[in-house]
Amino acid sequence: MKPIILTGFEAFLDHEANPSQWVVGELDGKTVNGVTIKGEVLPVSFNRASETLARIVEETDPAAVVMLGLAGNRTAISLERVAINIMDGPGDNDGVQMKDCVIKEEGPAAYFSTLPLRDMEAAILPFDESVYVSNTAGTYVCNALMYETLHEMKRKNEMVPAGFIHIPITNEIKQGMPLSNDQLLQAIEASIHALVSHVSASVSK
């Protein structure tokens, strides 16, 4: 089977570390049920993140795309159901600030994740009992990346499952948080196992 692209982000704003970057580094090159994970760390940039991922997708021709990002105000893993056509937030790592900006003038108001969210949620549950499906990916770079990636998939009529997972800060970074690095890593790896099973079943039909 083709590889699965797993992306994370570099540190941003006042966060000294980004656990999504660490998870991607740990899982890069790992094989899950015969499928290789290709890990990539993206810039926290409204302009460059989606461009970078689009190039990687073009070069890799993946079986699926899983995007990870830090939600510093959340305490559980959240699988994003929807990305909206808006950018609004503090300055990114390029110093670019967006306010009430449309991502794609010709695009729809929103795109839904094409990942098997409930299967992945069930796989994560043993490692994070508070995992949930979220209905807002925010309006920052994470949402923009998810929206633009799904927009590009739709434009090319590619049936490649793609979507975004927000992760919390881990206990190693901020004491008192519910999840450890190991729990987070195991949870994301388990979710990819579920995704691979879903993709394999779809291919065999």
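1. Cavity lining. Helices α2 and α4 each supply at least two residues to the lining of the largest cavity. Helices here are DSSP runs (H or I, at least four residues) and strands are E runs of at least two, numbered from the N terminus. The largest share of that lining, four residues, comes from α4. The lining residues are S45, F46, A49, S50, V141, A144, L145 and E148. By class, five are nonpolar, two polar and one charged. Nonpolar covers Ala, Val, Leu, Ile, Met, Phe, Trp, Tyr, Cys and Pro; charged covers Asp, Glu, Lys and Arg; the others, Gly among them, are polar.

2. Basis. This is a predicted model, in which local features need pLDDT of at least 70 and side-chain atom pairs count only at pLDDT 80 or more, while totals for chains, interfaces and linings use all residues. Residues are numbered from 1 along each chain as its sequence is written, and side-chain values use heavy atoms, with hydrogens and water left out.

3. Cavity size. The structure holds one cavity of 30 Å³ or more. About 30 Å³ of space lies in the largest cavity. On a 1 Å grid over the protein atoms alone, a cavity is a set of points where a 1.4 Å probe fits but cannot get out; a pocket is an open set with protein on both sides within 12 Å along at least five of seven lines; lining residues have an atom within 4 Å of a point. Points are joined across faces, edges and corners, and a volume is the space filled by probe spheres set on them.

4. Largest pocket. Its volume is about 310 Å³. Of the 16 lining residues, T114, E158, M159, V160 and P161 are the closest to the centre. β9 (110-112), α4 (141-156) and α5 give two or more residues each. α5 gives the most, with four. The lining has ten nonpolar, four polar and two charged residues.

5. Second largest pocket. The volume here is about 250 Å³. It is lined by 18 residues, and L70, A71, Y140, C142 and H166 are the closest to its centre. The classes divide into nine nonpolar, eight polar and one charged.

6. Main core. A nonpolar core is a set of buried Ala, Val, Leu, Ile, Met, Phe, Trp, Tyr and Cys residues joined through side-chain atoms within 4.5 Å. Buried means under 20% relative accessible area, exposed over 50%, partly exposed in between (1.4 Å probe, protein chains only). The largest core has 34 residues, of which L6, I165, I188 and I192 touch the most other members. At least two residues each come from β1 (4-9), α1 (19-27), β3 (35-42), β4 (64-70), α3 (117-124), β11 (162-167) and α5 (181-204). α5 gives the most, with ten residues. I188 touches L6, V23, L27, L68, I165 and I167, not counting residues up to four places away in sequence; contact means heavy atoms within 4.5 Å. Apart from this core lies another, of 33 residues, among them F46, V57, A83 and A162.

7. A63. This residue sits in the loop between α2 (48-60) and β4. A63 is buried, at 11% relative accessible area. Leaving aside neighbours within four places in sequence, A63 is in contact with M1, K2, P3, V160, P161 and V199. The C-alpha atoms of A63 and A162 are separated by 9.2 Å, though the two residues are 99 apart along the chain.

8. Salt bridges. The rule asks for a side-chain nitrogen of Lys or Arg within 4 Å of a carboxyl oxygen of Asp or Glu. By this rule the count comes to ten. E80 pairs with R74, the closest N and O atoms being 2.8 Å apart. Both E80 and R74 are buried.

9. A link across the chain. E148 and K104 meet in a salt bridge (3.5 Å, N to O). The pair links distant parts of the chain: E148 is in α4, and K104 lies 44 residues away in the loop between β8 (98-101) and β9. E148 counts as buried at 17% relative accessibility. K104 is partly exposed, at 24%. E148 also belongs to the cavity lining.

10. A pair within α4. R155 and E152 form a salt bridge (2.6 Å, N to O). They are separated by about one helical turn because they are three residues apart in α4. R155 is exposed, with a relative accessible area of 55%. E152 is partly exposed, at 25%. Salt bridges that share partners join E58, E152, R155 and K156 into one network.
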